[in-house]
Amino acid sequence: QVQLVESGGGLVQPGGSLRLSCAASGSIFSIKTMAWYRQAPGKQRELVAGITSGGSTTYADSVKGRFTISRDNAKNTVLLQMDSLKPEDTAVYYCKMLVSSGMLYDAYWGQGTQVTVSS
């Protein structure tokens with residue numbers, strides 16, 4: 001079994017920064033893609049940023065130039081540096097990883113961490 005634990009959420013003023021972290025533990029052979037999603041009240045969950053095992057990244061248009069995703073393969077960790085935060089970034093942020101314990105890859109989700117941007 002694999003567990004994902006997130007940390008780093010909280011309350012920040014507009015224009016501020018936060019860094020989210022998500023660490024995977026358990027029966028891990030390899031991790032393909034790592035990604036961050038978010039879900040605001042009354043809205044669907046959306047992709048914020050993703051990173052492949054080779055380091056290629058993708059971002060939602062709404063966060064390009066403000067958020068940076070990175071990964072530490074040795075620690076099975078994905079980070080999301082969020083700068084110039086806006087009130088519309090307020091949401092519960094979830095990490096997602098495609099993890100193989102041997103043969104096949106399965107998708108795992110973190111429990112979510114609240115990010116609130118407000119003055």
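Two strands pair if DSSP finds at least two bridges between them. Strands themselves are DSSP runs (E, at least two residues), numbered from the N terminus. By that rule, S3 and S8 pair in the antiparallel sense, over 6 bridges. Within this pair, Leu-18 stands opposite Met-82 in S8.

A word on the origin of the values. This is a predicted model, in which local features need pLDDT of at least 70 and side-chain atom pairs count only at pLDDT 80 or more, while totals for chains, interfaces and linings use all residues. Residues are numbered from 1 along each chain as its sequence is written, and side-chain values use heavy atoms, with hydrogens and water left out.

I return to the sheet. S3 and S8 belong to an open sheet of 4 strands in the order S1-S3-S8-S7, with antiparallel pairing. Its edge strands are S1 and S7, each of which pairs on one side only. From one strand to the next, the twist averages 15 degrees; the axes behind this angle are lines fitted to C-alpha atoms, and angles run from 0 to 180 degrees between N-to-C directions.

Next, the interior. A nonpolar core here is a set of buried Ala, Val, Leu, Ile, Met, Phe, Trp, Tyr and Cys residues joined through side-chain atoms within 4.5 Å. Buried means under 20% relative accessible area, exposed means over 50%, and partly exposed lies in between, with a 1.4 Å probe and protein chains only. The largest such core has 29 residues, and those with the most contacts inside it are Trp-36, Val-78, Leu-80, Met-82, Tyr-93 and Met-97. At least two residues of this core come from each of the strands S1 (2-7), S3 (18-26), S4 (30-39), S5 (46-51), S7 (67-72), S8 (77-82), S9 (91-100) and S11 (113-117). S9 gives the largest share, 5 residues.

Which residues does Tyr-93 touch? Not counting residues up to four places away in sequence, Tyr-93 touches Glu-6, Leu-20, Trp-36, Tyr-37, Arg-38, Val-48, Phe-67, Leu-80, Met-82, Gly-112, Thr-113 and Val-115. Contact here means heavy atoms within 4.5 Å.

I now come to the cysteines. A disulfide is a covalent bond between the sulfur atoms of two cysteines; the search criterion is a pair of cysteine sulfur atoms within 2.5 Å. A search of the whole structure finds 1 disulfide. It joins Cys-22 to Cys-95, with an S to S distance of 2.0 Å. The link of Cys-22 and Cys-95 is right-handed, with 45 degrees about the S-S bond. Because Cys-22 lies in strand S3 and Cys-95 in strand S9, the pair ties together parts that are 73 residues apart in sequence. Cys-22 is buried, at a relative accessible area of 0%, and Cys-95 is likewise buried, at 0%.

Let us turn to S11. This strand and S9 run antiparallel and are joined by 3 bridges, with Tyr-93 opposite Thr-113 in S11. S11 also pairs with strand S2 (residues 10-12), in the parallel sense, over 3 bridges. In that pairing, the bridge partner of Val-12 is Val-117.

In a regular strand the side chains alternate between the two faces of the sheet. For S11, the covered face holds Thr-113, Val-115 and Val-117, and the uncovered face holds Gln-114 and Thr-116.

Is Thr-113 buried or exposed? Thr-113 counts as buried, at 12% relative accessibility. Its side chain reaches the backbone nitrogen of Gly-9 at 3.3 Å. Leaving aside neighbours within four places in sequence, Thr-113 is in contact with Glu-6, Gly-9, Leu-20, Ala-91, Val-92 and Tyr-93.

Gly-112 is in the loop between strand S10 (105-109) and S11, and is buried at a relative accessible area of 17%. Gly-112 and Trp-36 are 76 residues apart in sequence, and 9.9 Å apart in space from C-alpha to C-alpha.

Finally, two loop residues. Asn-76 is not a glycine, although it has a positive phi of about 50 degrees. Asn-76 is placed in the loop between S7 and S8 and is partly exposed, at 22% relative accessible area. Ser-84, in the loop between S8 and S9, has a positive phi of about 50 degrees and is not a glycine either. At 42% relative accessibility, Ser-84 counts as partly exposed.

Thank you for your attention.

Key. Polar contact = N/O pair within 3.5 Å; in protein donor to acceptor, adjacent residues only side chain to side chain.
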